[in-house]
Amino acid sequence: MPGSKPPQERTVSTYCYQCVAGPDLLTVRVQDGVATEINPNFKAAAIHPGGGKACVKAFGLVQKAYSPNRVLYPMKRTNPKKGRHEDPGFVRISWDEALDLVADKMKAARAAGLTDESGFPRLAASFGGGGTPTAYMGTLPAFLSAWGPVDLSFGSGQGVKCTHSEHLYGELWHRAFTVCPDTPLCDYVLSFGANVEASGGVCGVKRHADARSRGMKRVQIEPHLSITGACSAEWIPIKPKTDSAFLFAMIHVLLHEIAREKLDIPFLKQRTSSPYLIGANGFFLRDPETQKPLVFDLATKRAVPFDTAGIDPALEGAFTVDGIEIGPDQEIATHTAAAVTPAFAHLVAHVKSYSPEWAAAICDVPAAAIRRVTNEFLAHARVGETIEIEGMTLPFRPVAIAFGKTVNNGWGGYECCWARTLIPCLVGALDVPGGTLGTTVRLNRPADNRWSSVKPGPDGFMYYPMNPTGKDDWISRPTARSAHRTLVPLVANSAWSQALGPTHMAWMMQKEDLDHLPHATPPDVWIVYRTNPAISFWDTKAVGETMAKFPFTVCFAMTRDETNHVADVLLPDCTDLEGLQLMRIGGTKYIEQFWDHQGFALRDPAVPPQGEAKDFTWIATELARRTGLLKEYNIAINRGGADVKLKGENYDFSLDVTKVHSVEDIWDASCRAASAELTDGVETQGLDWFRANGFRVKPFSRLMWYLYPKLVEQNLRFEQPYQERLLRIGKELERRLHEHGITWWDKQLAEYEALPHWRDLGALWEDALTKHFQVQIGDHPFWLITSRSMQYSWGNNVGIQLIKEVADNVMGHGSVVMNESAAEKLGIADGDLVEVSSPLNSTKGKVTLREGIRPDTLLIIGQFDHWVTPYAKDFHAPSMNALVPMLLDLTDATGSSADLVKVKITRLEKAA
Amino acid sequence: MTRWAMVADLERCVGCQTCTAACRHANATSPAVQWRKVLDIEAGSFPNVNRTFVPVGCQHCADPPCMHVCPSTATRKRPDGIVTIDYDICIGCAYCDVACPYQARFKVTKEDFAYGAEAMQNEIEREISERLGVAQKCTFCSDRIDFGIDNGLAPGSDPRATPACVNACIADALQFGDLDDANSNVSRLLREHKSFRMHAELGTEPGFHYLYDKAAAAPAADIKPALSDGQAGRMRTRGVEPWHQKHWDWKASGNFLCGGAGAGLLGVVTIASFFGIPALLPALAALAIIACGLGLLIFKIGRPWRFMYVLRQPQRSWMSREAWVAGLLFPLALVALWSGNRNVLVAAAIVGLIFLFCQGMILEQSKGIPAWRNPRVIALIMATGFAEGCGLFLLLAAFLPAMAVAAKPAAIALAALALIRIWTWWRYLAALESGGAPTRTLEIFTACRMWFFAGGLVLPLALVAAGLIVPVAAAVLFALAGLSVFATGWAVKFILITRAAYNQGFALPHTPIRGSGVPGPAVKPGWTSP
């Protein structure tokens, strides 16, 4: 059809990993050397859970490559003054000058010491959504590894834009950095705002569409009817941030209204801590000799260590038992003939008052609805049934509970995650076929798969790499500006931990130090890639002002944006279709990425770089060379800094550590090592093979989708329902902080409860806003919430015309979504220009009226409010990010908050 | 035989627009030209709300109205059911656009790029200049299908032979295949599911089927009643409710304004000639008016230099027929005037009458515009044409003494025609209201009722009566009556062709189940149903 002269054509295999729901494997049609079309990679249909399809965001990549708005040459700032209203005066410079400029600053920082007078790394870096930039930054991780300590704690959305609570608690309880249903087998899903049809990517959409076709029922519980709500069998419009009450009421129904034998009693007895006896101080009652938690054996009528063979432990009942409790700092309390009950009995008593009628008033959901879905959940759970997976017989429990992000971060996140993990335990549906599964690990190690991170820990539970809270080992001097290891034991100390700490606190402390922590110095050098925290975080006005004070900022820039507006140097890297990289695929990963294969995919450049854009690996190599870190950099690559170790048992493709290697040589070695890794050294094909084939995989056992078999193998238990370990750690942390005079974290310490109590989160938010802004909170009657957009989320693609065009087909984009009846009362009509104001700030936009939203709720989809980014700055779309204040009072114990705020709405102009 | 068809499973579709983007890529369409897109429809009242995503585009109808109306033969239907457009023949009249009840057709008149005036490399590489100024729409990616068949590949299962939207669909909601093959994927899906076709009541027999429930499910006796605007449920949609068609603008309306009035005048002049009124000047005026209308059309079409192609399809297209009739009308009328032969003049007037009928039929055949396709529009167009012609006659009579003698009978005829016209107007409106119509169309017509009644009937009747009572002022009063009838006729036709011309929009006889439950109510946003 198109064109009269037949073009020279070729097809290039690559991947899209613009969002955490990827990677999508795709092909690029290249005509006369120009990328013209994105297509699925049907060669991958058999191995990719999404059938080799690519999501809508990938179709923006062609315009991303050829956008006239790209930064095509290195630039340097000529105006030393920084700020929103300062013209940076960027002028074009050579790569040589740009890299020397950056390298000189880095060398100076290094010469002054890797950490500064406060103990913080002098080099800081911020990367975008969910670690996806690593799929595009080539060997930069190797450079950062060669460098040494880097402060990654300046967040760009983490904690408030992610499912933070399940990242931490999920990893603790079932190696679940994120959680999802076992969708291919699940029959009934309770989804509290999980927007899988918008943010689950190709795999999520495909798996859920298949599940609907075979009759899976999903009940969507959320304040507005999202895309996922639309695709669900039922929508229950719950009041924002009251999900924990709904969930607690479900537990109440299961424990107080349903015959006990309908629960999965064997699972509770053998795979959870339900039978563990609880001492008077709230800690496990232990065997004085072995210090193991005691259970009461109904067969022998005596207390025995939990791992005694052949016992029938009691779940309920009161027993008189001798034993010890181990409290904080290993303090031992000895009990003789103590009257104790098992953890399960404590749980039953704990939820007694949380009836559906109680929850109904909080959630604005009829008690009958809560009761009905609980009974439906139980009815679908098939307690007692089994299924065979790859020859192994496993429990089959096709019911699951999924969470969206505002349910799953900030205050209330603990309660919700606890309930979401506990309810499956009650019916034996945690991490078994059909049930609620963890996806991947990011805090536990090793991270190659969930099973390999399972190691025996204390008390029959899995090991978890808590940050120490002991008197001698607590990290009183933070290693990063968020104080993540100091304040949040659960955040561990992996390469991801900094990004999961209270990243907003790194920004907050730049404005005002917190008592008894080191002075929050700015980083000497700040590197920014694929992120725009001046738009994407909360209280973006303050974030923007803070970053303007950083002395030297280097931004890798596709186009100008609000963050690189304060940069000193702009470096144009190759966009997605231009750069070369090998990336691991398969296994189990975020959201709904459950593969039957694992291996590697190549991002093969489809087209040459535009302008003077450079491959990221070339940039990293040059930085290493110019900062004198070439050897360490090459060593880091050899060690696996480019996603694959170059040396294994049967192969060695290590780079000569003394030499500068070309981009192609580095990735050729990686491809060879990847081939060898997948074939146990039998095959060693390199870059050319991957270019011809796109990807290479080997089978991944479906058994590894489930943690249950691994726990059985190691005779371990899920750490539910009683959080003795968290209780102890909380007490220890309290002591450490108080010993250092820190009392500003006391509110957060209250979250360390063995059995969480319900918190009135609405009041918590309102009180915090009232206290900090001296407002009459009644003047702000609406909850403002947000929702992800498949077209935009994580994509860094707001400046792409095609994305805007197709996103506009979906209701709500670029406007304030409001309930029709609520709008009528305020005289607001569809299309009117309104101002939405929180106590902190305001935003303007047009109103879209819908029936699919609660009358007390407003919705602003996505993140906009751009004032520099070409194309996007003309959207005039509202954004909630500037409206949400960063407050310690709104920060929970895991260091996160939730993306919502109380607001008022005022009409500015009638619709044209 | 083969019948290619698309099946969209509404239970699976998530409205992600990946098909939209893939289509834009595969077919290199201009920004905002979405041959395939997915609608977002919300219906009901809080908290009983459902939201449905509906892929739409050319439905490749078995009985495609776009093909029937196409005057140039550019739009055709292949034996395998695919409706095609030949860009080299299309004149860009956009008749197909207003004939399509699925809003599937586009016309781009000037180059448009993603980022303004400058084309990006990919846009230069994929520039398709032959599409400028002509109709374009989804082709079912017929080039892929043909490639597949030529190379032994199965369309619908082999991606190389399958439409791009189907290939790209991440929910596998879109499927493509041969309906005449009982074993095809689409035949199987239709057996296993309950399905509907959009606007089935229009008889176009679309090749696009929507699945909304499993076939095994019990008959959904509890399906709630249909929802349309003004009823209990409210609807919020994006690009779903009827919108104002833009392709037939004031220039297109000019043909109906001038053509109707001119043909009417010619008829009145011919009748008057039997009473000794010289026909030459008024008949020339009538021809000039008709010519003006036709001339405007040439400026309206996207490819003016191809205007003669309008004659290619007299077998089916009323636009072609109008052109042929116009081609006969002018020489016949000129011969009549040159020769003074009244019989030839009568023949010309009859041809003018047919021309007027053609105009009515052009509108009636526009299935995409509910206000036009109502059969009663024909009588309205003809009645107002004659009334306007008579009005013009009286206007001319005020200036041409030779015609003045016929003013009185013409005024009486005018009164009669005004009465007939208002009767056809009321009948037309009643039909629209009883049959259902876009709400905006009815609102616009409702706003016309009073002034059309007053200016198109009451005032001229009063003026005619006054003229009969006060002969001394009769010429002026009759002329004013004529002007009133003429002006109101033009005004109402202008509104009919432009402002009230809302298209069909989209509607669903069922909203789908989602995993479990029963289908939801029918929705027809932007419509006032009977």
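A polar contact here is a pair of N or O atoms within 3.5 Å; within protein, one has to be able to donate a hydrogen and the other to accept it, and residues adjacent in sequence count only if both atoms are side-chain atoms. The model is predicted, so local features need pLDDT of at least 70 and side-chain atom pairs count only at pLDDT 80 or more, while totals for chains, interfaces and linings use all residues. Residues are numbered from 1 along each chain as its sequence is written, chains are lettered from A and ligands numbered from 1 in the order in which they are written, and side-chain values use heavy atoms, with hydrogens and water left out.

**View 1. Where chain B meets chain A.** Between the two chains there are 31 residue pairs in polar contact, both residues at pLDDT 80 or more. The largest share, eight residues, comes from α1(B). Sorted by class, that side has 24 nonpolar, 16 polar and 21 charged residues (Ala, Val, Leu, Ile, Met, Phe, Trp, Tyr, Cys and Pro count as nonpolar, Asp, Glu, Lys and Arg as charged, and the others, Gly among them, as polar).

View 2. Contact (heavy atoms within 4.5 Å) involves 61 residues of chain B and 74 of chain A. Together the chains bury about 5600 Å², 55% of it on carbon and sulfur atoms; buried area is the accessible area (1.4 Å probe) that two parts lose on being put together, summed over both. In chain B, His25(B), Phe46(B) and Tyr115(B) lose the most area to chain A, together 14% of what that side buries. Seven salt bridges run between the chains, each a side-chain nitrogen of Lys or Arg within 4 Å of a carboxyl oxygen of Asp or Glu. One to look for joins Asp210(A) and Arg12(B), with the closest N and O atoms 2.4 Å apart.

**View 3. Two helices of chain A.** Helix α8 (residues 243-256) has 14 residues and its end C-alpha atoms sit 20 Å apart, in agreement with the 20 Å it should span at 1.5 Å a residue (the expected span is 1.5 Å times one less than the number of residues). Because 13 of its 14 residues are buried, α8(A) is largely enclosed by the rest of the structure; buried means under 20% relative accessible area, exposed over 50%, partly exposed in between (1.4 Å probe, protein chains only). In α12(A), the buried residues include Ile370(A), Val373(A), Phe377(A) and Leu378(A). After α12(A) comes Arg382(A), with a positive phi near 50 degrees.

**View 4. Salt bridges within chain A.** Asp568(A) and Lys82(A) pair up with their closest N and O atoms 2.5 Å apart. Asp568(A) is in the loop between β22 (553-556) and β23 (569-571) and Lys82(A) in the loop between β4 (75-76) and β5 (91-92), so the pair ties together parts 486 residues apart in sequence. Asp568(A) is buried at 15% relative accessible area, and Lys82(A) is buried at 17%. Glu766(A) and Lys902(A) also meet in a salt bridge (2.6 Å, N to O). Glu766(A) lies in helix α26 (residues 761-773) and Lys902(A) in strand β32 (residues 901-909), so this pair links parts 136 residues apart in sequence.

Technical notes:
Helix = DSSP H or I, 4+ residues; strand = E, 2+ residues; numbered from the N terminus.
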